[in-house]
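Dear colleague,

I am handing over the structure below, together with notes on what was found in it. Please read the notes with the coordinates open beside them.

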Amino acid sequence: MQITENAVVSMHYTLTDEAGQELDSSVGQEPLVFLSGAQNIIDGLDKALQGKTAGEKLAVSVAPEEGYGEVHQELIQKVPTENFQGVDEIQVGMQFMAQTPGGQQPVTVIAVEDDGVMLDGNHPLAGKTLKFDVEIIDVREALAEELEHGHVHGEGGHQH
């Protein structure tokens with residue numbers, strides 16, 4: 001069976017950045033299982049998998065606009081150090097949940113300065129071209145309940 005929208009896909013992947021540094025991998029673990037076309041994975045990867053079948057291996061390059069988007073400078077801001085009461089030592093790379101007008105949003109510390117802490121509300125992979133090495137393990141039709149819920153159930157998927 002070919003991967004199409006609403007197919008359940010099981011795959012192994014290794015994700016690297018443009019410099020070849022490994023960012024994530026399912027190799028040696030359970031495969032990633034997702035419902036194609038249901039925004040369970042980034043759009044650029046989902047599109048590249050369309051028409052592929054079990055057993056195929058491929059390399060996919062996903063540009064920022066089809067991955068985690070471009071970097072939005074308005075999501076980078078300095079906040080007073082006093083906002084971090086109860087945190088012993090603030091370090092670059094730490095992540096926090098910030099309260100915004102739109103609700104809670106994860107932010108990453110990108111600099112600690114004398115007059116405040118620089119936070120970045122962009123996804124950590126925003127602005128990056130992502131490289132995926134993929135091996136498709138299995139493709140099957142989605143169950144009616146999976147289509148209704150927008151995600152895979154059972155082994156490798158969501159448990160209710």
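Predicted model: local features only at pLDDT ≥ 70, side-chain atom pairs only at ≥ 80, totals over all residues.

Q39 is exposed, with a relative accessible area of 75%, where exposed means over 50%, buried under 20% and partly exposed in between, computed with a 1.4 Å probe and protein chains only. This residue sits in the loop that runs between β3 (32-35) and α1 (43-49), helices (H or I, at least four residues) and strands (E, at least two) being DSSP runs numbered from the N terminus.

Residues are numbered from 1 along each chain as its sequence is written, and side-chain values use heavy atoms, with hydrogens and water left out.

A positive phi also occurs at N6, where the angle is near 75° and the residue is again not a glycine. Most residues other than glycine have a negative phi. N6 lies in the segment before β1 (7-16) and is partly exposed, its relative accessible area being 34%.

The end C-alpha atoms of residues 6-80 lie 47 Å apart, and the span is 9% helix and 37% strand.

For the chain as a whole, there are 2 helices and 9 strands, and their order along the sequence is β-β-β-α-β-β-β-β-β-β-α. The radius of gyration is 19 Å, well over the 15 Å that the globule rule gives for 160 residues, so the chain is more spread out than a compact globule; the radius is taken over C-alpha atoms, and the rule is 2.2 Å times the number of residues to the power 0.38. The C-alpha trace spans about 60 × 35 × 30 Å along its principal axes.

Of the 160 residues, 35% count as buried. The accessible surface comes to about 9,700 Å², of which 46% belongs to carbon and sulfur atoms, the areas coming from the Shrake-Rupley method with a 1.4 Å probe, and for residues only the protein chains shown count as cover. Among contacts with a separation of 6 or more, residues 24 or more positions apart account for 61%, a contact meaning heavy atoms within 4.5 Å.

Which residues does D24 touch, leaving aside its neighbours within four places in sequence? They are Y13, T14 and L15. D24 belongs to strand β2 (residues 22-25) and is partly exposed at a relative accessible area of 36%; D24 and Y13 are 11 residues apart in sequence, and their C-alpha atoms are 8.1 Å apart in space.

G51, finally, is placed in the loop between α1 and β4 (57-62) and counts as partly exposed at 29% relative accessibility. Residues up to four places away in sequence not being counted, G51 touches Q2, I3 and E56, whereas its C-alpha atom is separated by 23 Å from that of T129, 78 residues apart along the chain.
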